[in-house]
Every structure is written in structure tokens, then in C-alpha cells.
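Here are my notes for someone meeting this model for the first time. Have the sequence and the 3D view open side by side as you go through the points.

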Amino acid sequence: MAQLGEPALEWTRKHLLGLEDLSAEELDIILDTAESFREVSTRKRKKVPTLTGKVVVLMFVEPSTRTVTSFSLAAGRLSADTVSFSKGGSSISKGETLVDTARNIQAMGCDVIVLRHSAPGAPHLLARNLECSVVNAGDGAHEHPTQGLLDMFTIRERKGHIEGLTVGICGDIKYSRVARSNIWGLTKLGARVVVCGPATLIPDGIEEMGVEVFHDLDEFIPQCDVINILRIQLERQKSGLFPSIREYARVFGINSERLERAKDGLLIMHPGPMNRGIEITPAVADGPHSVVLDQVTNGLAVRMAVLYLVCGAKG
Amino acid sequence: MAKTTLIENGRVICPGQGIDKRLNLLLAGGTVAELTEGRPEADETIDATGLIVAPGLIDMHVHLREPGMEGAETIATGSAAAVAGGFTTIACMPNTEPAVDNEAGTEFILLQAERAALARIYPVGAVTKGRLGRELAEIGQVSRAGAVAFSDDGSPIHNAEIMRRGLEYARMFDRVVIEHCEDPDLSGEGVMNEGTMSTILGLPGIPSASEEVAIARNIILARLTGARLHVAHVSTAGGVELIRRGKAAGAHVTAEVTPHHLALTDECVRTYDPVFKMNPPLRTADDVAALRDGLRDGTIDVIASDHAPHPPESKQVEFSQAPFGVIGLESLLPVAITELIDEVLDWPGLIATLTVAPAAVLGIDRGTLRPGADADVTLIRPDQRWTLDVERFRSRSRNCPFHGREVTGRAVRTIVGGNTRFRAD
Amino acid sequence: MAETRQLFDATWIGRAINRIAHQIVEQNEGAEGLVAVGLHTHGVFLARRIAATIEDEEGVEVPVGTMDITLYRDDVGIRSRGPHLPRREGTDIPFDISDRTVILVDDVLHTGRSIRAALDQLMDLGRPRKIQLAGLIDRGGRELPIRPDYVGRKVTIGDDENVRVMLTESDEADVVTVVPREQPGKPQG
């Protein structure tokens, strides 16, 4: 009876669709659970039997390498069986609907579907139509909750807390699911969130999500304890949202000179993959402020925590 | 001697004649014989105590999907849905497969309507061939075949020059052009209203400006040509204001609004359920308030459903992949009563938006209980509380955003040409 | 109806810890090669006290690790109140347990399921020479074939009761009480 007087908090969610839905307490549960699970990855034998017999299906309808690898390792460390499923090798490319494909997978007995999809709300569609748990691994420009969580975990690890910090998000906010998950999660835990980018890539009504908007990096940088630099999708230039790569790098690229005005102990984060020399210079990406690789490491613990919690909530 | 029917003890509301009074209505041989305080002898008597006796309702914006998309709706099922919703007359849009842009297509619809023998159906012809927005369709011949209005609805007419010519040409035949006002460049890949909600949901937005730019352009062209323009399904506060100013400036412009734009906002999209996906999209609470103001002050003339059936499987997909459109024939009246009566319109005002007003826009002699008019009557029970249930709809499709909603009031009997075509159980 | 009542006071707890420490040294013929692992939360405090007692008496350091068994539970996905939430501190055993004698320490021994989970986890962490089990209170009711090597006291209490051990590391005083069970059907470890 190791845990008499265990926390009164309970985790009841079967799905993780976005951080917007979660309370501060629920965010803390995930982050604390992740912290506890991190030890597993330091063992010689990096495996625990927690989810033995569970089946996790990694349904990546939109391609991704690092997220699928991270989820796959996380599930493996918890002894779940995993099946990967990408668009090319799936019946979705043969015209089957997403719901039909997922129902077929469910009929083979799966406990969790981890879905990456280009359509916002695709995980909600599955959650409405399936019995198994659904974890959103990125749905279009909507949310990428595990990325948001691993960013928060990294900030908490490095800074000791989130409340009271000013976290900046820089770049293409409009099309970024990472930005949205970060905004929801960080504001709930008491951070001030500021965003900076070209007016054409800052969406209408973003202030209503509780953030302040900047268009000038030199005004933005000195306020931040953390800057999360987003990847700029080069095809946005073709749709007329900014004039040229050169201009973007000049006006919105983060370089060492600009960071001279930053606070001490600034953390630089990037969800990857980076366009070195465009939104971030190599010197910054590999410099003393950068915690980019910590983010990747922490992603594993966060995803283990999420898989554990949603599997546990099914009773 | 023709068969006579007396509808007695009802509250007769005929906005065209300025009547709102407890009267008895006598129908004889398919036409209205008289409205009287007396009690003439009749073959059949219908007790309308507690009911509103209105001219047969008109829904001037309906998609019947036949020919070409019979999996979603047919002229027969759509007619059944119409009479179940209290409509004796509907106008159907030409965005079928193929588009209704010629005489034969128009006659086909009239033939199918006759076979269905439920509601009166008026075809709307396409303004341009194939609704492609490039060359004018044969508006003259299609008018002669029975089309009462012209529209490329579903798509806007992108090219201002084609729009101008369409207005000019339709005017020759005294036909109105019903325009889906949207700037496709501004709408882009948009699937919902652009604003805080689209930002939160990460869905591409359709800005209000997309509708407003097109309404402004089309009102300017209506003034240029002197033609009649009817703005379909206005959804934005800015759009209402443009129409208000256009009317004041003397443009021949009328407008309609749908129940979903009057009752729902883009908050509904939160669930990513495509049952809330339509074009124009659900807007904000401010827009809803402006649309209601527009109805109140007469800027908006008509309430129409924009009934747009889609088979269930097409709506059980990702929000961005689903087609635009919701059904409304069987929910329009109860939703309008529940949402608008007392707050926005009184009963004669509401009935007018569903009778004389659309009849005037379409230039058809309906929507009245004037003696000699066709005996099209809708009996409404104004205080019946019930729950909308798509499983009980006559429409072939189920994509109604009001499913499960508690409403007050409904059509309990629909009479077309003196014959009862629907009776609530 | 069960009521809260005190079973043992601080003096008894101190003696019981001393006795267990002595028995461990006696049984293992000294303290060389001993390590202690406590189960969160109170098992950790007891393990530290036992280790300190042995060190005082024998002059040999006994390293203490802490263990969270959440990852080894057998009820993931079948517990109606959602998953057990792990301790934020997690498992922390900063020494090699291979070829050592591990004293596993918990406060109350009941069904044996926590101990099963702890044994499995120890096996995953290394290959101990021996594992011995110490508990302050054994309330019986085993559901698995698990038997302690060292016990403060075996007690008999009702099915509608639980034993609660309080220690000054986290509570106001050292005391063992019997309390009514909060949720019916929820067994102690």
C-alpha cells in the first residue's frame, strides 16, 4: 500500500484531441506523469510492462518522421504492440473514407489510434465514431497537443516553472498547430504568450485566444523568457503571404545579433524540421540558448504519459 | 357543383390583404371562394380552432438534386418534405447534373413535379450555360418553358461583365436574377466563417468581405441595368447594410435570409461536425443580430431554407472534405417561429416573408387568400412544442443542423389547390 | 460501523523499526551488500529509517532507493476511477542492485499486488542476489503467494477498515491507526 492518500485528482479522458479542452490540473497530471516516466528511458533495459497486450495504431495520413518515431518508441517502452499505417500503404489512398478505415482497424482490436491528418478536426471525427481512444498527433492547422506538452515540459524542466514566464512564438502562426497547442497550454498554466510574425500569417482574432501580437522582432525578443520559432512553409510564399524567402529571413529570422538584446537564460525552441538560415540561423540553432534536442528527448516521456493515461481511462 | 371546404374558427393571416382576424375560409373547386364571418354550408369542414390559417407558404430557395443527384433528394421526396414543412410552393435551383440551362431541362422538372403531385414547383434557370459563368444561357426560351427566375446558385457569377449582361438580358423577360454573392478569390479554400473561431479551429476562413464585395458589386450592376437583383442567403452585417443602402438608393434589390443564419453562429463548428457546414457559412452573433434587424426593418424581404440535401456518407467525413449545405424544408417554419416571433417579427410579418414577399420576388400570383386565388393554404399550430427529429423527415437526406432542437409551432395541414397534401399525425 | 482508532504510537513504531533492522542484520549475517528500496510514499520513509539504524549499529552504509510501481500495476484500463497517477519523483534507484541483497520496504502489507509489481520492476532493473520483504504492518488478506521476511506486527482488522501509517516525514506524528475504508472494494496494497 504504497500510495495511501494518493492525489485526489483523477484522469478521466479517453481521448487527447487538443490542449484547449484540458484544465490546468489535467495539464499538470500529464507533465507530472511524463516526469515520472522519464526514468524508464535511462534504464539499461528501456522497457516496462505497463501496456502489455494493448495495441496502438499509428495512423499517419499525413507524412511525418519524428512524431511517428517518437510515438512508436513511447508505445514500445510501455510494451504496447504498435502498427504503423501511412497514407501510401493504406486503403485511404484507394478512396476509403477515414471513418471506414479506422473502423476496420478497430475491428482488429486496437486500443488507441494515434492520428496525424491534414484536416483539422479529423481526430474529433474518429472520436465521435469509434470506441477506442484517439490521440491527436497533429490535425492540420488546429492542434498538436503532444508537441505543445513537450514544449511545456521542456520549459518547466529548464525554468522550474511556467507561471509568470513570457513565452514568444515566432513565425507562421496562421497555419501552425504547434502555435495553437502552445497558446492554450501555456496560458492555462499562467504564462504570458506573445506572438510575432508577418501580418499575413497572424490569423484573425488570435488575441481572443489570450495572446499579444507583435510584428517587430526587436521589440518582441527582449520580452521573452522563451522563444518558440516555427518552421516557415516555403510554399506560403507562392500563395502570396510573404514576398520572398530573403525578405522573411531578414525581417523575421532569429540570428545571434538580434539575441544580444534577449534576456539572460533565454530558451530557444523549434518544433522541427528547421529551415536553417531562414527562420533560424545555424549559430542560434546550435547555440547556448537552444534546447531543441531536449524537446525531442522529452517528447518520448510526454507521449508515454499520454498513451498511459488514455489507456488507463477506459475502465 | 365543385367540392367545397370550410376552414372555420381559425386566425386567418393574409398579409397581402392586410388581414389578421378570426374568419372562416371557404374553398371551392381548387380556389378561394370567400373569407367570411358567416358560416356557409360546405361538403367538408375543418375545425381550425387554435390554428393560424395562412396562405400556402413559399420557399423560394430549394435544391431538389434531380436530375443527377437522386441519392440526396428527388423531386418527389423534396415535394413531400416541402408539404410536410407547410410549403405549397417551392422554387428549385438549377445546380443539378446537368444544370437546368435549357428548355428540356426546365420541362423535365415541371413533369416530375406533376408526377409527384404534392407541391407546386417553379424552376429557376441558370444564368449561364452549364453554370460556368462564361456564356449566357437561353434565358428567353427557358423563361417560356416555365422558369420564374435565373441564378447560377451554388456558384457566384465571377465575371462582372457576364453579371451585367445576365441582368440586362433577364430584365427583358421581367425575370429576377437570384445571386449567390461571393468573391471566390477572397473565399479561397475557406470552409467556415473567418474569425476567432476559424483561428481556434485551424480551419480556413471565408471572410465577411467575400460576401460584401459581391453584394456591393451586384447592387451597382443592378442600378446600372435597372434589372431586378435578389440577394440569396445574406449572412453578414455588412451585407445587410449594403442592401439597406441599395434599396434606399433605388436599386431593384431584394434579399433573403435562412433560418440557420438567423439562429446559429460559427460557435457550432466547434465540434467539427459537417452538419454545420454550408455556404455562406454560419457567422457571428453580431451578424445574427444584424440579420434580425434587417428582417425587422424590411431590408430583408424573404426567409428561405436554401434546402441543400446531401447523403449521410458525404457528411461523415473530415469537415474540410464535406460538401457545403444543410436541409431546411422541414425545419424552417418551426425554427422561424421559435426564434423570431415576438422578438423580431409578429405573425403577419413572419407569414409575409414566407408568402407575399417571395411571390413578389418571383413574380408569381401566389401567397394570398384573395378570393379567386388558388386554394393553397397552410394551417399552423403556433404553440405546439416538439422536438425536431431528422429520422422523421420526408427528405431523403438527414443533414439538418437543427436536429434534436426543441421548437414551438409547426404546420399541421398543407392544402394545395384545395386538396390536403400533408396532415400532421 | 467502523471508527478511527489508534493501534500503535510513536514509541512502538521506533521499537518496531529497531527490531526489523536488527533482524535484517542477523538474518544476513551483517550489513555488507545490503540495499534498501522503499515503495512510495511511506515505504520510502521506513526504508530510510531502517537503513539509518543499520548504519548506526554496523557502521556500514546501506543505500536507499525509491520506487513507484505505477508502471507495473495489473489494473491499467480496468480501474473505474481512471489510471493510477504515478509519483512525479518516479523510481529512483541510483545504484546497481545486481548481486546485492535488496530489502524491499512497504508500510502495510495486504493483497500482495503492490509487492508483485515491485518484484517485477526490481527484476527489470538488475539481477539481485536476494530480495527480502519488510513491512511495518501485515494486515493479512493476501491474494498472491507473497510472504514477508520482516514484520512489525501482524494485525486483524475488518474488511471495511484500512490501516493508516503516519510518519513525521509527511505527517504530524508517528502513529498507526485503523480508519474506515473510504471506497468499498478498494484494497490496500
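1. Pro280(B) sits in the loop that runs between α9 (259-263) and α10 (285-296) of chain B. The bond joining Asn279(B) to Pro280(B) is a cis peptide, with omega about 0°. Helices here are DSSP runs of H or I with at least four residues, strands are DSSP runs of E with at least two, and both are numbered from the N terminus.

2. Before going on, a word on what you're looking at: this is a predicted model, in which local features need pLDDT of at least 70, side-chain atom pairs count only at pLDDT 80 or more, and totals for chains, interfaces and linings use all residues. Residues are numbered from 1 along each chain as its sequence is written, while chains are lettered from A and ligands numbered from 1 in the order in which they are written.

3. There's another cis peptide bond to look at, between Glu66(B) and Pro67(B), with omega about 5°. Pro67(B) belongs to the loop between β6 and α1 of chain B.

4. Now the sheet. Chain B has an open sheet of 8 strands in the order β6-β7-β8-β9-β10-β13-β14-β15, with parallel pairing. Its edge strands are β6 (57-62) and β15 (302-303) of chain B, each pairing on one side only. Pairing here requires that DSSP finds at least two bridges between the two strands. In general, strands of a sheet pair through backbone hydrogen bonds, either parallel or antiparallel.

5. For a closer look, take β9 (residues 149-150) and β10 (residues 176-179) of chain B, which pair in the parallel sense over 2 bridges. Ala149(B) is opposite Val176(B) of β10(B).

6. Which helices of chain B lie across strands of that sheet? One is α1 (residues 75-84) of chain B, which lies across β6, β7 (87-92) and β8 (120-125) of chain B and runs at about 135° to β7(B). Another is α7 (residues 208-225) of chain B, lying across β10, β13 (229-231) and β14 (253-257) of chain B, at about 165° to β13(B). The axes are lines fitted to C-alpha atoms, for helices over the stretch in contact, with angles running from 0 to 180 degrees between N-to-C directions. Two residues are in contact if their C-beta atoms, placed from the backbone, lie within 7 Å.

7. Asn9(B), in strand β1 (residues 4-14) of chain B, has a phi near 70°, a positive value in a residue other than glycine. Ala117(B), also not a glycine, has a positive phi near 50° and lies in the loop between α2 (103-116) and β8 of chain B.

8. Are these residues buried or exposed? Asn9(B) counts as partly exposed because it has 17 other C-beta atoms within 10 Å, and Ala117(B) counts as exposed because it has 12. A residue is buried if 20 or more other C-beta atoms lie within 10 Å of its own, exposed if 12 or fewer, and partly exposed in between, with C-beta atoms placed from the backbone.

9. Chain B is assigned domain 1 (4-52 + 374-423) and domain 2 (56-362), with bounds that come from an automatic or database domain assignment. The C-alpha centres of the two domains of chain B are 25 Å apart. Their contact takes 30 residues from domain 1 of chain B and 45 residues from domain 2 of chain B. On the domain 1 side, β16 (377-387), β17 (406-416) and β18 (419-423) of chain B each supply at least two residues, and β17(B) has the largest share, 7 residues. That side divides into 15 nonpolar, 8 polar and 7 charged residues. Here Ala, Val, Leu, Ile, Met, Phe, Trp, Tyr, Cys and Pro count as nonpolar, Asp, Glu, Lys and Arg as charged, and the others, Gly among them, as polar.

10. As for the chains, 2 pairs are in contact, and chains A and C share the most contacts. Chain B and chain C do not touch, their nearest C-alpha atoms being 25 Å apart.

11. Last, chain C has 3 helices and 8 strands, in the order β-α-β-α-β-β-α-β-β-β-β from the N terminus on. Of its 189 residues, 44% count as buried.
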